[in-house]
Amino acid sequence: MKKFLLSMMVFVTMLSFNACSDSSAGQDQNLTSKESSEIGMKDFGRTVPVGIEKENGKFKVSFIISAQPYEIKDSKENESYISMIQQAVKDESPIHIFLKSNTNEIAKVEKATEEDIRFFKSAFTKEEKTEKGQSNKLASVIPDLATLNSLFAQIKNQSCGTSTASSPCITFRYPVDGCYARAHKMRQILINAGYDCEKQFVYGNLRASTGSCCVSWVYHVAILVSFKNASGVVEKRIIDPSLFSTGPVTDTAWRSACTNSTCGSTSVSSFANTAGNVYYRSPSGSLLYDNNYVNTNCVLTTFSSLSGCSPSPAPSVGHCGF
């Protein structure tokens with residue numbers, strides 16, 4: 001996986017270099033970063049859209065990895081762009097996206113190259129992969145509530161801004177995006193303690209409150225752990241300090257927090273449990289993995305100094321791979 005991610009990062013770098021070279025040669029190719037900024041656009045990069053829904057005169061678009069919603073106006077000028085996005089969602093294929101600067105609004109869409117398509121197709125899989133050798137050494141059930149609470153404290157103490165946090169810290173203070181990386185880092189802490197977990201992904205028109213501001217997501221993910229209660233019965237709990245800083249909660253309570261109506265209209269379209277080693281699951285069930293934490297650590301480092309609900313959209317993590 002590490003070799004795959006490194007190869008992917010090199011590939012993205014080569015694509016950027018080629019785009020600049022083509023533009024400097026006077027070809028009608030993709031805009032360079034400088035050209036994009038001059039006309040108020042930002043290069044979001046080549047990525048795979050996994051959902052598009054019409055809502056209040058606009059289309060809400062979701063992409064792999066990112067939990068943030070993006071939008072494109074339903075207008076005659078955007079008809080060809082919307083059609084390209086819809087086909088890419090159907091095919092789970094990449095397209096090249098440009099955003100209006102400092103917004104989540106899609107300004108331009110370009111076709112991906114055949115090389116892009118082959119590359120991204122190789123990243124997705126419908127098959128859940130097991131980790132050879134590791135899973136057999138881990139306990140799937142935490143023995144008691146006291147141990148569960150102790151593990152929760154260890155995870156929470158790795159939050160960015162605390163004196164005990166190691167590098168990279170976990171960005172619980174910045175819920176705008178990065179839940180996939182937070183969940184994967186939480187699982188790593190459990191693994192180091194000898195335990196494994198599942199993850200739960202919830203999809204829909206999600207809105208959550210931090211207590212001081214609201215965030216919008218197209219999906220959210222956290223770790224789902226099993227433990228024995230005082231009667232020896234196995235129960236499951238979600239650990240997600242970005243929403244619940246006092247302790248583990250039931251998955252029902254967690255999903256309810258992801259649909260906080262005080263932040264606006266909200267709904268859940270579906271949810272699914274996966275193995276703990278799944279890094280990202282698309283709404284249709286396609287999976288990505290980050291077994292060596294390359295993307296995880298890069299995303300957490302990128303967001304480590306941020307807190308609250310701003311900036312939104314979140315800074316680009318395209319340099320992290322995927």
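User: Happy to look at this predicted model with you! The side chains of E131 and R187 meet in a salt bridge; what is the N to O distance?
Analyst: Good place to begin. In this predicted model, the side chains of E131 and R187 pair up as a salt bridge. E131 sits in the loop between α4 (114-123) and α5 (145-156), while R187 belongs to helix α6 (residues 179-192), so the pair links distant parts of the chain, 56 residues apart. The N to O distance is 2.7 Å.

User: Which strand holds the salt-bridge partner of K236?
Analyst: K236 forms a salt bridge with E198, their closest N and O atoms being 2.7 Å apart. K236 lies in strand β9 (residues 234-239), so the pair ties together parts that are 38 residues apart in sequence, and E198 lies in strand β7.

User: How many residues apart in sequence are the parts tied together by E71 and K58?
Analyst: The side chains of E71 and K58 meet in a salt bridge at 3.0 Å, N to O. E71 is in strand β4 (residues 70-73) and K58 in strand β3 (residues 58-63), so the parts tied together are apart in sequence by 13 residues.

Terms used:
Residues are numbered from 1 along each chain as its sequence is written. This is a predicted model: local features need pLDDT of at least 70, side-chain atom pairs count only at pLDDT 80 or more; totals for chains, interfaces and linings use all residues. Side-chain values use heavy atoms; hydrogens and water are left out. A salt bridge is a side-chain nitrogen of Lys or Arg within 4 Å of a carboxyl oxygen of Asp or Glu. Helices (H or I, at least four residues) and strands (E, at least two) are DSSP runs, numbered from the N terminus.
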